[in-house]
Amino acid sequence: MSELITTKSYDDLSKEERDAIDTKERQRERQEQAALPYSWNQDLATVTVTVPLPTGTRGKDLNVVIQKKKLKVQLKSSPEPILDGELFNEIAKDDSSWTIEDGTLSIELEKVSAHIQSHQWWPHVLTHHPKIDTTKIQPENSKLSDLDGETRGMVEKMMFDNQQKAMGKPTSDELKKMEMLEKFKKAHPEMDFSNAKMS
């Protein structure tokens with residue numbers, strides 16, 4: 001039976017089989033994320049990175065580098081950085097900041113994608129670290145309902161597109177194009193569409 005499951009596509013599995021796979025994936029993700037020297041979360045506009053520090057660490061003891069595509073945190077007393085690498089996507093450097101409170105470094109990274117209304121979930125903070133499955137991100141309903149109509153529509157479209165991509169199905173934009181082509185075909189039955197391709 002288990003051999004059958006591996007040859008079936010995710011789409012063809014029963015809800016129980018999909019739930020079992022999803023649960024296993026979430027556990028693996030949690031273990032990978034827990035092994036990182038920091039924890040993180042995100043909303044559409046920002047990524048928050050939280051780094052536990054040795055007791056008594058103050059701002060002057062740290063070297064924190066925040067660049068458009070790079071993040072580095074290092075104790076000045078240590079030869080090795082706590083974290084150092086390329087960010088998944090560009091951030092608005094001037095709108096990003098860091099603070100230390102109760103032995104914890106908190107870094108707020110402002111996503112450039114939020115500034116250009118091209119909202120996007122990050123699968124990881126640094127490109128060499130394990131990814132999370134962004135298709136499974138569910139913004140809290142209360143937060144979703146707090147958004148204005150346009151932003152909420154964008155979030156829901158993004159969630160739908162992520163799920164469609166994960167299942168190898170067309171995104172909302174692709175569906176719209178297909179719909180327009182179908183309407184055009186009906187309006188012009190005399191034309192030959194056999195070579196028409198979706199770009």
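How many bridges join E6 to strand E7, and which way do the two run? In this predicted model, the count comes to 5 bridges, and E6 and E7 (residues 104-110) run antiparallel.

Zooming out, E6 and E7 belong to an open sheet of 4 strands, laid out in the order E1-E2-E7-E6 with antiparallel pairing. The edges go to strand E1 (39-42) and strand E6 (97-101); each has a single partner strand, so one side of each is left without a neighbour in the sheet. On average, neighbouring strands here are turned by 15° against each other, with direction ignored.

Lys111 sits in the loop between E7 and helix H3 (112-115). Lys111 is buried, yet no salt bridge is found for this residue. The nearest side chain of opposite charge belongs to Asp43, 5.8 Å away, and a salt bridge would call for a side-chain nitrogen of Lys or Arg within 4 Å of a carboxyl oxygen of Asp or Glu.

What does the side chain of Lys111 reach at 2.9 Å? That would be the backbone oxygen of Gln120. Asp43 also comes in through its backbone: its backbone oxygen lies 2.8 Å from a polar atom of the Lys111 side chain.

Key:
Residues are numbered from 1 along each chain as its sequence is written. This is a predicted model: local features need pLDDT of at least 70, side-chain atom pairs count only at pLDDT 80 or more; totals for chains, interfaces and linings use all residues. Side-chain values use heavy atoms; hydrogens and water are left out. Two strands pair if DSSP finds at least two bridges between them. Axes are lines fitted to C-alpha atoms, for helices over the stretch in contact, and angles run from 0 to 180 degrees between N-to-C directions. Buried means under 20% relative accessible area, exposed over 50%, partly exposed in between (1.4 Å probe, protein chains only). Lys and Arg count as positive and Asp and Glu as negative; His and the chain ends are not counted. A polar contact is a pair of N or O atoms within 3.5 Å; within protein, one must be able to donate a hydrogen and the other to accept it, and residues adjacent in sequence count only if both atoms are side-chain atoms.
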